[in-house]
Structure formats: structure tokens, C-alpha cells
Amino acid sequence: MSNVAVIGAQWGDEGKGKIVDLFTLDADIVVRFQGGNNAGHTLVVDGRKTVLHLIPSGALHKKKLCVIGNGVVVDPEVLLEEIRGLRADGHLLDESLLKISEEAHLIMPYHKAIDQARERLRGKGKIGTTGRGIGPAYEDKVARTGIRFVDLLDGATFRDKLRRNIEEKNIYLKAILKEKALDYGAIYETYSGFRAELERYVTNTGVLLDREIKAGKKVLFEGAQGTLLDVDHGTYPYVTSSNTVIGGVLTGAGIGPRSIHQVIGLSKAYTTRVGSGPFPTELKDAEGERLKQEGDEFGATTGRPRRCGWFDAVGVRHAVRINGMTGIALTKLDVLTGFKRIKICTAYKSGGEVHHDFPASVKVLKNAEPVWEEMEGWEEPLSSARSLADLPKNARRYVRRLEEIIGCEMILVSIGPGREETIMLKNPFNA
Ligand code: GDP
Ligand code: IMO
Ligand code: MG
């Protein structure tokens with residue numbers, strides 16, 4: 001028996017969608033446990049691209065149960081759009097294959113309005129959020145004023161909570177953010193419509209997972225964002241508002257630690273970041289531009305260009321440690337084809353000190369100068385490789401060197417967006 005968690009080891013967009021879709025072949029259930037529709041997970045199956053924001057990336061497989069756990073913040077409008085899109089493509093036709101936790105919090109129109117207005121007011125100091133209301137929704141959860149699915153399902157509770165929230169948010173929107181007030185009646189009507197459409201999916205997912213795990217079902221936990229965007233362990237305050245790391249699986253799915261057997265870290269063979277915040281290995285030159293073009297590095301949610309740079313072993317080592325990773329899946333190695341020399345950052349120099357561990361201070365990170373190790377590149381395209389032996393010698397050496405520097409075993413190397421463009425070294429479900 002083996003349950004597997006897939007966690008981003010960088011600043012997101014490491015290819016979680018592709019790998020979760022692939023691993024779903026061996027799983028029975030796929031669970032999202034945090035984040036919301038700030039995530040954009042891309043799956044390419046038989047040459048066709050699907051981008052998922054809320055529904056677990058197992059949805060393209062028949063007969064796999066998809067669970068949205070209590071730790072997720074759900075924008076019902078986006079979820080319904082996603083359900084409709086998948087059904088139009090012939091997926092998720094069996095409604096019993098999607099379950100939403102009754103404890104998951106709802107993203108409300110005021111969350112989006114507040115997120116976007118705050119970013120506008122921050123100007124140059126903005127976080128670069130996705131504007132989807134994620135931060136304000138998690139704030140309300142912690143403030144104990146949030147609205148959950150269980151509240152939406154009970155008309156009287158929903159009305160009461162919505163009224164109290166709107167009163168307070170409208171004062172904040174008008175007086176502090178200089179925005180227009182929102183209309184209680186319109187929101188009540190819209191969300192009552194969402195209730196009618198979503199009620200059938202809502203259940204106690206913690207109890208469901210416990211039962212299925214006890215019955216020997218294999219569960220795949222799908223992270224969103226990445227460790228360096230974690231609200232505790234990332235580049236705070238340039239982070240998202242949830243725990244993206246392994247601890248988030250326990251709280252966000254409502255399971256115990258003994259239900260997770262393998263923790264797979266996802267990392268690109270280089271580094272990207274969307275939005276503001278420190279990025280020590282960022283390349284602002286032709287090489288960075290080349291990574292962006294060759295890697296097609298444009299956000300799957302907002303379409304923003306991603307900032308690109310060399311592999312940052314300090315950041316990935318941090319992720320390996322915090323998550324207790326048992327293996328790494330390395331993606332987008334194919335993008336490095338044609339670079340004469342490839343660099344790896346092994347430590348940072350900042351303020352006269354050498355940092356081998358990821359610094360907490362944004363100031364230290366902003367001033368960090370990478371300590372580089374250089375390796376020779378390769379010219380050959382990689383996407384037809386199906387074993388490490390099929391890779392050019394220098395690509396193989398690069399993979400092995402990364403493994404040494406980050407101190408974690410490579411279990412998979414991805415060499416293209418398609419399901420088949422994969423070198424599987426160890427199946428985590430059989431580990
Ligand atoms: P996620 O958020 O971690 O699921 O990643 P995204 O889907 O936002 O971004 C990853 C992008 O890289 C997507 O466009 C994928 O189709 C693509 N991708 C994934 N693995 C590979 C790979 O090995 N090589 C290439 N060239 N593209 C890949
Ligand atoms: P996936 O799951 C990359 C970034 C935003 C911003 C910061 C805070 O596709 O890897 P938020 O809207 O969450 O309050 O924004 O986090 N961010 C992501 N970057 N991939 C993501 O998701 C992201 N989700 C949020 O760009 O810098
Ligand atoms: Mg993404």
C-alpha cells in the first residue's frame with residue numbers, strides 16, 4: 001500500500017499537472033488540499049492541452065475519484081466553469097467522481113475585489129498576486145468569519161453570515177480601498193444558484209478518505225504552488241496564503257501522517273517565478289529570454305511571462321528538507337538543450353556571508369549572489385528518450401550532479417509536456 005504526495009519544490013509551475021496526471025494511472029483517488037484557482041496545472045494528453053485550476057489533475061482518467069479537500073478555497077463560479085469544460089470534453093461524466101469538502105471555504109466577490117484593490121494600491125510594492133481573492137479568503141478563514149460549503153448548504157446560516165460579512169467588507173472597500181460597495185442581494189442570489197448546482201458534490205471528505213485508505217485504495221495528494229511560495233517557509237511576504245508543504249496535506253485533507261508514504265518533490269531543471277519577490281538565480285539577459293521562449297514560460301492562470309533563471313539548489317534543498325522528500329521528479333530537462341554551459345547555484349553570498357541554507361530574510365535574498373557551479377551542455381533533443389541511457393552524456397551528468405547537490409533521489413525525468421515524454425526511474429506507488 002502506498003499513498004503519494006506531489007509537492008512543488010520551487011516557486012510553482014514545476015509541472016505538477018503533468019506528473020499528477022501520469023501518476024494517476026496507479027492511483028484510485030486524487031486530492032487537492034490547499035490553494036485555489038491561483039493554481040494552473042497543465043496536462044497534455046494525446047497532443048491535447050487541458051489547464052485545470054481547482055479540479056484535481058486526475059480528472060482526465062476514467063473512474064478515478066477527484067477530491068477537493070477542506071484546505072482548498074473554492075471560487076464556485078470557476079469550479080462550475082471547470083466542471084462544464086471537462087464534461088464538454090467527455091470527462092467527469094459520472095458526477096459521483098467529484099467530491100468537495102463541506103469544510104472548504106468559499107471565495108466570495110469581496111475577496112476578489114479586496115485582493116485586486118490592494119494590489120493596485122501597493123503599486124510598485126505589489127506582491128503580484130493572481131487577483132483571484134486567495135489571500136483575503138484565507139484571511140477570513142483564520143479570522144473565523146469565512147463561509148464554508150456547509151454554511152452555503154444551510155440557507156439561514158448562509159444569509160446571516162453573508163449579511164455580516166458584506167456589512168463589514170463594504171466599509172473596508174469604500175473607506176480604505178476607495179472601491180464601490182457590493183450588493184448583498186445580488187451575491188445572495190448568485191450564490192444560491194451555485195448551491196443548487198454544487199450541493200450534490202459536497203460531503204465529509206475526511207471521513208471518505210479515511211474509509212477509502214483503510215480499504216486499501218491508493219491516494220495521490222496534489223500540491224498547488226510550491227515550497228518557496230509557502231506562507232511559513234517561502235519568501236515571505238512574497239508568498240501565497242496557504243501551507244503548500246507536506247504539513248498542508250494533513251490539515252488540508254484531514255488525514256494522519258501515517259497515510260502518506262512517499263513525498264515527491266517537483267522541480268524544473270532550471271527555475272521560474274511569476275509575480276514579485278526575490279529570485280537569486282534570475283537571468284535578465286538573453287539566456288533568461290531563451291529559457292522563457294524554449295520553456296514557453298507564460299503563466300497558466302494569468303498568462304503573465306514567468307521570470308527565468310538557473311537551477312537554485314539552495315531553494316530545492318530547503319524544499320527537500322521541509323517536506324521530507326523521498327524522491328524528486330525533474331521536469332523540463334529538454335528546455336536546456338542547446339545551452340553551451342549550464343549553471344547550478346550551490347550557495348548564496350550575501351552581506352559578507354556564505355549561505356548554504358535558504359535565508360528567511362527577503363533583504364538577504366535580494367542581495368544574494370549565487371555561488372555557481374558550471375557544467376557542459378548538450379545539443380541533442382531529448383524528447384524521444386525513455387531511459388537515462390538514451391540521454392546525451394552531459395544531460396545524464398547534469399541529472400546525477402543535481403541529485404548529489406540536493407541530496408535526494410531522482411525518480412523521474414520529464415523531457416516534454418506529453419504523458420509519454422517521461423523517463424520513469426522509480427514508480428512511487430511501488431516504492
Ligand atoms: P504546474 O502548475 O506545476 O502544474 O505547472 P504548469 O502547468 O503551470 O507549467 C508547467 C508547463 O510546462 C506546462 O505548460 C506543461 O505542459 C509544461 N511541461 C511539463 N513538463 C514538461 C517537460 O518536461 N518539458 C517541457 N518542455 N514542458 C513541460
Ligand atoms: P501552480 O499551482 C506560480 C504566486 C503569484 C504571486 C503569489 C501570491 O500553478 O504552481 P496569490 O494569488 O496566491 O495570492 O499570489 O503566488 N502564485 C503562483 N505562482 N504558480 C502558481 O500555482 C501560483 N499560485 C500563486 O504569482 O506571486
Ligand atoms: Mg501552474
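User: Happy to dig into this one with you! Why are helix 3 and helix 6 called roughly parallel to each other?

Analyst: Good place to start, and do keep in mind that this is a predicted model. The axes of helix 3 (residues 109-122) and helix 6 cross at roughly 15 degrees. Angles under 35 degrees count as roughly parallel, and helix 3 and helix 6 are therefore described that way. Their axes come within 11 Å, and the crossing is left-handed.

User: Which residues of helix 3 and helix 6 meet?

Analyst: From helix 3 come Tyr110, Ala113, Ile114, Arg118 and Leu121. They meet Leu162, Asn165, Ile166, Lys169, Tyr172, Leu173 and Ile176 in helix 6.

User: Let's stay with asparagine 165. What makes asparagine 165 count as buried?

Analyst: Its relative accessible area is 6%. The cut-off for buried is under 20%, so asparagine 165 qualifies as buried. The residue sits in helix 6 (residues 155-176). Leaving aside neighbours within four places in sequence, asparagine 165 is in contact with Tyr110, Asp140, Thr145 and Ile147.

User: Now to the strands. How do you know that strand 5 and strand 7 pair?

Analyst: Pairing takes at least two bridges, and three bridges join strand 5 (residues 65-68) to strand 7. The two strands run parallel. As for partners, cysteine 66 is bridged to leucine 98 in strand 7.

User: And what makes strand 7 and strand 9 a pair?

Analyst: Here two bridges join strand 7 to strand 9 (residues 202-203), which meets the requirement of at least two. These strands also run parallel, and serine 101 has threonine 203 in strand 9 as its bridge partner.

User: How do you know that both faces of strand 7 are covered?

Analyst: Look at each side of residues 98-101 in turn. Leu98 and Ile100 are on one side, Lys99 and Ser101 are on the other, and all are buried.

User: One last element: what is the span of helix 13 set against?

Analyst: Helix 13 (residues 393-406) has 14 residues and reaches 20 Å from its first C-alpha to its last. That is close to the 20 Å expected at 1.5 Å a residue. Just after the helix, glycine 407 takes a positive phi of about 70 degrees.

User: Which residues of helix 13 are buried, and what covers them?

Analyst: The buried residues are Asn394, Ala395, Tyr398, Val399, Leu402, Glu403, Ile405 and Ile406. Their cover includes helix 11 (313-323), strand 16 (341-350) and strand 18 (369-376).

Note on methods:
Residues are numbered from 1 along each chain as its sequence is written. Chains are lettered from A and ligands numbered from 1 in the order in which they are written. This is a predicted model: local features need pLDDT of at least 70, side-chain atom pairs count only at pLDDT 80 or more; totals for chains, interfaces and linings use all residues. Side-chain values use heavy atoms; hydrogens and water are left out. Buried means under 20% relative accessible area, exposed over 50%, partly exposed in between (1.4 Å probe, protein chains only). Helices (H or I, at least four residues) and strands (E, at least two) are DSSP runs, numbered from the N terminus. Contact means heavy atoms within 4.5 Å. The expected span of a helix is 1.5 Å times one less than its number of residues. Axes are lines fitted to C-alpha atoms, for helices over the stretch in contact, and angles run from 0 to 180 degrees between N-to-C directions. Angles under 35 degrees count as roughly parallel, over 145 as roughly antiparallel, 65 to 115 as roughly perpendicular and the rest as oblique. A crossing is left-handed if the near helix is turned anticlockwise from the far one by less than a right angle, and right-handed if clockwise.
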